Amino acid sequence: MKTLFTLLFVLLAALPSAVDATSGEVSVGEQLPNAPMQGLTGGSVFISQYFGKPLIINVWASYCGPCLAEMGSLERLFQRYGDRFNVIGISIDDYRERAEVFLAKADTTFPHFIDRQLMLENMLGAKSIPLTLLIDAEGRVLQKVRGAQEWDSPEIIETIALIYKIDL
């Protein structure tokens with residue numbers, strides 16, 4: 001059953017999205033540009049700071065219930081495997097205060113950034129949220145997953161290990 005779930009997860013994520021591409025969107029297989037990211041839980045950095053090992057990017061907003069629902073599983077994934085890949089969150093909120101209230105509820109320790117000018121939202125293709133991207137160590141987009149997931153479930157951990165070609 002696990003293998004079937006993993007196969008379905010990989011195949012569904014690989015299908016062309018029913019959501020139209022955003023302007024300037026980086027497609028699966030393409031390299032992310034070295035975009036600046038405004039810090040929400042820390043300082044501002046360029047996205048390339050997270051290259052060098054695999055990266056999971058979660059795009060969320062304070063008004064998104066499914067975004068909050070999946071934060072706990074992303075945090076558990078980060079706590080368990082944060083030495084093997086980076087995890088970051090990107091808020092698409094217009095108001096920093098709302099994003100900060102969301103993060104107080106989410107209680108996460110991985111870094112978060114805010115994208116009030118829609119640059120990252122458009123680049124990542126976040127027409128719907130939550131959106132999670134699996135990025136390789138060189139900054140290439142391997143997969144985009146739309147909708148909330150249980151990121152620390154055995155099936156998804158197995159899928160992440162297959163996509164990143166690492167032991168988890």
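**Reading backbone and disulfide features**

Tutor: R116 lies in the loop between β5 and α4; the helices (H or I, at least four residues) and strands (E, at least two) are DSSP runs, numbered from the N terminus. This is a predicted model, in which local features need pLDDT of at least 70 and side-chain atom pairs count only at pLDDT 80 or more, while totals for chains, interfaces and linings use all residues. Residues are numbered from 1 along each chain as its sequence is written, and side-chain values use heavy atoms, with hydrogens and water left out.

Student: Which residues is R116 in contact with, leaving aside its neighbours within four places in sequence?

Tutor: Contact means heavy atoms within 4.5 Å. With those neighbours set aside, R116 touches Q38, D93, D94 and R96. The C-alpha atom of R116 is also 6.0 Å from that of I92, 24 residues away along the chain.

Student: How should I read the phi of L118?

Tutor: Most residues other than glycine have a negative phi, and most peptide bonds are trans. L118 is not a glycine, yet its phi is positive, at about 70°. L118 sits in the loop between β5 (112-114) and α4, and is partly exposed at 37% relative accessible area.

Student: What is the phi of K165, and where is K165 found?

Tutor: K165, again not a glycine, has a positive phi of about 55°. K165 belongs to the segment after α5 (154-164), and its relative accessibility of 75% makes it exposed.

Student: Which residues does the cis peptide bond join?

Tutor: The cis bond links I129 and P130, with omega about 0°. P130 is placed in the loop between α4 (119-124) and β6 (131-135).

Student: How many disulfides does the structure hold?

Tutor: A disulfide is a covalent bond between the sulfur atoms of two cysteines. The criterion used here is a pair of cysteine sulfur atoms within 2.5 Å. The structure has one, joining C64 to C67 with an S to S distance of 2.3 Å.

Student: Why is the disulfide of C64 and C67 called right-handed?

Tutor: It is right-handed because the torsion about the S-S bond of C64 and C67 is about 80°.

Student: Are these cysteines, C64 and C67, buried or exposed?

Tutor: C64 is buried at 8% relative accessibility, and C67 is buried at 0%.

Methods. Buried means under 20% relative accessible area, exposed over 50%, partly exposed in between (1.4 Å probe, protein chains only).
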